[in-house]
Amino acid sequence: MNSLSNKRIIIGITGGIAAYKSAEILRRLQDQGAIVKVVMTPGAEEFIRPLTLQALSGSPVHTGLLDEKAEAGMGHIELARWADLLLIAPASADFIATMVHGKADSLLGAIYLATSALVSVAPAMNQAMWCHPATLDNINTLVKRDVDIIGPGNGIQACGDTGPGRMEQPELLIEQLANRFTSGKLQGKKIVITAGPTREALDPVRYISNHSSGKMGYALAAAAIEAGAYVTLITGPVNIAPPARCAVISISSAEDMLDAAMLEAKDAHIFIATAAVADYKAVSVEAEKIKSTQKTLTLTLEKNPDILSSVSSAYQQLFVVGFAAESRDVQAYAQDKLQRKNLDVIIANDISRQDIGFNSDENEVSWIDKDSSTLLRKRNKTQLARDLIEKIATAYRSEQLSDA
Ligand code: C5P
C-alpha cells in the first residue's frame, strides 16, 4: 500500500493558467487511492470549469463560502475537519498572501484557517512575481507555519518569460505529497497497540462486552506505520480492516489480551493501550447454555486483570501510553490514572459528549503527561492519530535522550 492510499485530500485551485494541470493531479491522486474533493476560488473558475473537475472527482466541486445549499451539505468547517491534507495547486501569489494574512473571505481561505490537516502549496506565477521580496517573505512565513512548499519549477512560462514560477510537474508534486505521510520519526521502532473491546464469555453463546469500535487504535496503528514503526495490533472483535503492513493478533477475552500484550511488549519500544477492556468477567463460565426459564438471574463477576498496569510495571524501559474515557472530572481522573498505572502519557476524552469518542469518526482529547496538559481540538480520528503519533514520537525521543 502506498502512503496516499485512503488519504482524504482537498485540492484547492486558485486563479492561474496552471489550473488546467489540477485535473491531472486529481487523476494521479485517485490512481494512488486517495479520496479527493475539489475547492475552487472564483479566479480558478475563469481558467477551468468546475464541471470538468466534478466529472473527474465524482463529487460536487465546492466554490462559494456563502452558498446555502453547499453549507447545508458539507460546509467549510466539515471540509476542514474531513481532510487529512489540503493541497493548494496552483497557488497564486494573491492566494499565498491571503494565507499569510489569515483572510477568510473565500471558501478556500476559510478552510485553510479552520483545518488541522497537513497543508501543501504548489505556487504558480510569473517569474518576476515569484522573485518579488513580498512573495518570498510570504513563502518564508508559510514555511515557518509548517506549510510544505512544492516547487515551483523553472522554465518557459505561459507569458513567454523564462525562470522560476511554473507549477511543479504533477509526478514530482505527487511524490513530495506522499513523503508528507512518511515522517520516519519512529523508523525501526516496535509499537504494540491494544484496540477494540474484549468479550467475556458467560456460557457457550453469551458474553459481556462494550461498544468500542476499535477506530482510534486502528488509526494509531496506521499512523505509526506511516511514521516507520513496526506495529503489532492486539485487537478484540471489531468490524474494520487493520492497516496493511501490520502484525495482527486477534483475541477475545481480557486474559488473552493480557497474555499477548505481555509477550509482545517484551521487545517493544512503545506500548499504547486503546482497548476498552471489560472490567469484569464471570467467575465461572457455564459449560452449557444458561436457561432463560428463571425470572431473575444472578451472575457472579470478578475483576479482570489490568493489562496496562501489568505491562507498565513489568517493563520499566517501555514508553507507555494509556487512554482514559471519562464522563466527568476528566482531568482529575486522568491524572490519577497516569500515576496509578505508572504511565508516561494519558490521553483523555469526555465520553459524555455525543459528537465525539465511541463509534464516532471524530474525537477531541487532552494529552496529559507529568508536566503538562494539552487539548487537541476536535478532528477526524485519522488526523488525530497522526498528531498523537507525532507527539508520542517526540516525547519518546526526549525521554531516550534524558535517560542517556
Ligand atoms: O481504568 P480504565 O479502564 O479507565 O483505564 C483505561 C486505560 O487502561 C486504557 O488505556 C485501557 O486500554 C487500559 N486498561 C487495560 N486493562 C484493563 C482496563 C483498562 O489495559 N483491564
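**Notes on a predicted model**

1. Let's start with a proline: Pro90 is part of strand β3, residues 85-91. Strands here are DSSP runs of E with at least two residues, while helices are runs of H or I with at least four, both numbered from the N terminus. The peptide bond leading from Ala89 into Pro90 is cis, its omega being near 0°.

2. Before going on, please keep in mind that this is a predicted model, in which local features need pLDDT of at least 70 and side-chain atom pairs count only at pLDDT 80 or more, whereas totals for chains, interfaces and linings use all residues. Residues are numbered from 1 along each chain as its sequence is written, and side-chain values use heavy atoms, leaving out hydrogens and water.

3. Another cis peptide bond, with omega about 0°, links Gly151 to Pro152. Look for Pro152 in the loop between β5 (148-149) and β6 (153-156).

4. Asp146 is worth a look too: its phi is positive, about 75°, although Asp146 is not a glycine. Asp146 sits in the loop between α9 (133-144) and β5.

5. Now for two helices. How do α1 and α3 pack? Helix α1 (residues 22-31) and helix α3 (residues 50-57) make an angle of about 10°, and their axes are 10 Å apart. Axes are lines fitted to C-alpha atoms, for helices over the stretch in contact, and angles run from 0 to 180 degrees between N-to-C directions. The two helices are therefore roughly parallel to each other (angles under 35 degrees count as such).

6. Where they touch (heavy atoms within 4.5 Å), Ser22, Ala23, Leu26, Arg27 and Gln30 of α1 meet Leu53, Leu56 and Ser57 of α3.

7. Finally, the ligand. Among the residues surrounding it are Ala273, Val277, Phe323 and Lys341, where being near means having a heavy atom within 4 Å. A polar side-chain atom of Lys337 is 2.4 Å from a ligand oxygen atom, and a polar backbone atom of Pro305 is 2.8 Å from a ligand nitrogen atom; a polar contact is a pair of N or O atoms within 3.5 Å.

Notes. Parallel < 35°, antiparallel > 145°, perpendicular 65-115°, else oblique. Polar contact = N/O pair within 3.5 Å; in protein donor to acceptor, adjacent residues only side chain to side chain.
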